[in-house]
Amino acid sequence: MKKYLFILMVACAAVVACNKNESPAEAPSESNPVKMTLTATIGADTKVSFVDQDNVLKTAWQKFNKVSLLALDVSGNVLSNDIFTAQNDGKTAVFEGEFTNDANTAEVWVFYPALTEGTGAEDNQYRVPRPHTYDQANGVIYGVTKGKQFISFCCQYPLQKKNNDPSDICQYAVMAGKADMESLSEGNMNVALAHKSYVIKATVTFPDDNLQVRSMRMTFESAGRETCLGGYGWTYTYDHMNNFAGGSQEEDPYLCFGDDVDSGTGTGITLDGNTLVAYFTLYACEFYDEVLEETIQTQLRTGDKVSFLVATQSGEYFLDDKEFKKDVILENGKMYRMAATLVKK
């Protein structure tokens, strides 16, 4: 499996699955809201709208993109969530908004996409909305509550609206970075956002033409050990930029196709020919492998196998146990390519 540098790519936070140890929230404090600007530069030439060109993904900030500024106290508990909006296109964008400016603010973390839903209450947590009508509870980032330290990530029922089109990646890939607050008194903050996800670009060929494709699943099998590709999980709002020894929760990469998701599958897209190109967004991290009894990076090893299953209006197509011929460490900020020829069940 050949990998390509995922140039100019948005990225997602690493995810872990370990016990949540809550720390007590700080007492409520006064705030002094101020209008200000955030200058956001995306690290390693990363941006947020996607075009697949010359085997790399090239992107750009777009005017009116939104980010969240999560203010944390000294214990890492969330104090506020403020939404800032981009005023220009380009690699570096100026975002404007009103910062809560809680007196207990110790640091500010910036997330893309913005957590525009919820109030931060226990029963109405901050979250990113899903870009379709099915199962609207949580988008790619959720579980953020005022007075607590936790943030959750999930890429369930992702939707790709067109064949061989990476533009929907921006709905599921996440950027994050710690803001520089040195110029806060002057009404400005600066931040560099980092990759926290990777992409698998899967190209599959069918024996039939012009199929209406609704969903695709990849299932990975390892020789006597875990294969943790980073499906979903949770981590700490203040520490997610580091690597973890807890284990990302496993979930088979799954993708819906069409204008919407209905009952867990896509409404469908009709292929022009017999080839489907799909983009899966996943989150690499370090996790504890109970078989190896050590902490390892998200990876695939020689002898590991992947199976493909595609649901179409005409039935299911599959390929079982395609074997990897070399070890591959899966890193955030990169794109990995797979190809397979399927047969009908």
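## A charge over a ring

A charge is said to sit over a ring if NZ of Lys or CZ of Arg is within 6 Å of the ring centre and within 35 degrees of the ring normal. In this predicted model, Lys345 lies over the face of Phe318, at 6.0 Å from the ring centre.

Residues are numbered from 1 along each chain as its sequence is written, and side-chain values use heavy atoms, with hydrogens and water left out. Local features need pLDDT of at least 70 and side-chain atom pairs count only at pLDDT 80 or more, while totals for chains, interfaces and linings use all residues.

## The chain as a whole

The protein chain has 29 strands and zero helices (DSSP runs numbered from the N terminus: E of at least two residues for strands, H or I of at least four for helices). Buried residues make up 51% of its 345 residues, where buried means under 20% relative accessible area, exposed over 50% and partly exposed in between, with a 1.4 Å probe and protein chains only.

## Aromatic pairs

The whole structure holds five aromatic pairs (rings of Phe, Tyr and Trp, the last by its six-membered ring, with centres within 6.5 Å; planes under 30 degrees apart are stacked, over 60 edge-to-face, the rest tilted). One of them joins Phe150 and Tyr236, whose ring centres are 5.6 Å apart with planes at 45°, so the pair is tilted. Because Phe150 lies in strand β10 and Tyr236 in strand β16, this pair ties together parts that are 86 residues apart in sequence. Phe150 counts as buried at 6% relative accessibility, and Tyr236 counts as buried at 16%.
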